[in-house]
Protein chains: 2
Amino acid sequence: MPAATELPHPERASLEIGAVLFALSDPERRELVRELREGPQDAANCMAIDPALPKSTKSHLMKVLRESGVIRNEPNGRNRRLTLRSDDLESRFPGLLDAVLGPR
Amino acid sequence: MPAATELPHPERASLEIGAVLFALSDPERRELVRELREGPQDAANCMAIDPALPKSTKSHLMKVLRESGVIRNEPNGRNRRLTLRSDDLESRFPGLLDAVLGPR
DNA sequence: CGATCGGTTCAACTATTCTCGAACCATGCC
DNA sequence: GGCATGGTTCGAGAATAGTTGAACCGATCG
């Protein structure tokens with residue numbers, strides 16, 4: 001059954017600059033975004049980056065990024081696929097991602 | 001005596017993207033920045049914008065913006081001159097201000 | 001000088017966010 | 001089915017941030 005745990009994501013039109021800036025103001029969250037810049041990743045990969053952090057903490061980081069609309073988090077088999085919402089962000093706040101992360 | 005109350009400001013080189021993003025994540029602080037985009041203002045003007053807020057609260061908003069390096073706050077007669085540090089911000093984080101506030 | 005004006009700082013309180021273990025919930029494999 | 005796996009959610013405590021009145025301070029005006 002393809003009805004796995006779908007998490008809520010804000011629509012492109014309802015992205016808020018304040019929430020996005022807040023999400024990106026944390027170094028660990030920026031680091032995660034930087035990873036996703038190269039392409040979608042399985043959450044497992046990102047979890048593995050800093051093994052010291054408990055998974056609930058990492059999950060929380062992702063939640064803030066997801067709820068602000070920075071990343072997408074969708075079920076993928078028994079783990080989750082994380083995607084940077086570059087298009088949505090670029091559409092609503094042109095240049096923001098590059099300005100924050102530096103040019104690729 | 002020109003030795004009035006000089007507040008500490010971070011150097012251009014030590015501006016941190018995290019602190020800047022955090023400062024800009026608040027709507028009231030963004031509003032203040034938007035005002036200063038048109039040019040320097042006396043703090044009194046900015047204080048007058050929303051008369052409901054007590055001055056200590058407004059002072060706190062300015063403090064966060066100042067400590068993150070977004071604005072400069074220097075004594076000017078018996079009040080204070082607020083300046084957006086556009087050049088410093090543009091130098092360290094090119095395009096950020098426009099991406100956050102939208103093009104002028 | 002003394003009073004006033006503009007603004008900062010202090011201190012106490014509230015609200016929000018972070019952190020992390022424990023419980024939980026699907027999925028995929030045996 | 002039963003169990004391991006990958007991740008989310010819950011709940012509680014710690015930490016950080018916001019709000020505001022009162023005290024304060026330097027500059028100016030009378």
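1. In this predicted model, β1(A) and strand β3 of chain A (residues 79-84) run antiparallel and are joined by two bridges. Within this part of the chain, A:Gln41 stands opposite A:Leu82, a residue of β3(A).

2. The sheet in chain A is open and has three strands, in the order β1-β3-β2, with antiparallel pairing. Its edges are β1 (41-42) and β2 (71-76) of chain A, each of which pairs on one side only.

3. Two helices of chain A deserve mention alongside the sheet. Helix α2 (residues 27-37) packs on it and touches β1, β2 and β3 of chain A, with a direction at about 85° to that of β3(A). Helix α4 (residues 55-67) of chain A lies across β2 and β3 of chain A and runs at about 120° to β2(A).

4. Turning to the interface, 13 residues of chain B are in contact with 13 residues of chain A. The two chains bury about 960 Å² between them, and carbon and sulfur atoms give 74% of that area. On the chain B side, the residues that lose the most area to chain A are B:Leu21, B:Ser25 and B:Ala99, which together account for 44% of what that side buries.

5. What is the count of salt bridges between chain B and chain A? It is zero.

6. On the side of chain B that touches chain A, α1 (17-24) and α6 (96-101) of chain B each supply at least two residues. The largest share, five residues, comes from α1(B). By type, the residues of this side are nine nonpolar, three polar and one charged.

How values were computed
Residues are numbered from 1 along each chain as its sequence is written. Chains are lettered from A and ligands numbered from 1 in the order in which they are written. This is a predicted model: local features need pLDDT of at least 70, side-chain atom pairs count only at pLDDT 80 or more; totals for chains, interfaces and linings use all residues. Side-chain values use heavy atoms; hydrogens and water are left out. Contact means heavy atoms within 4.5 Å. Buried area is the accessible area (1.4 Å probe) that two parts lose on being put together, summed over both. A salt bridge is a side-chain nitrogen of Lys or Arg within 4 Å of a carboxyl oxygen of Asp or Glu. Helices (H or I, at least four residues) and strands (E, at least two) are DSSP runs, numbered from the N terminus. Ala, Val, Leu, Ile, Met, Phe, Trp, Tyr, Cys and Pro count as nonpolar, Asp, Glu, Lys and Arg as charged, and the others, Gly among them, as polar. Two strands pair if DSSP finds at least two bridges between them. Axes are lines fitted to C-alpha atoms, for helices over the stretch in contact, and angles run from 0 to 180 degrees between N-to-C directions.
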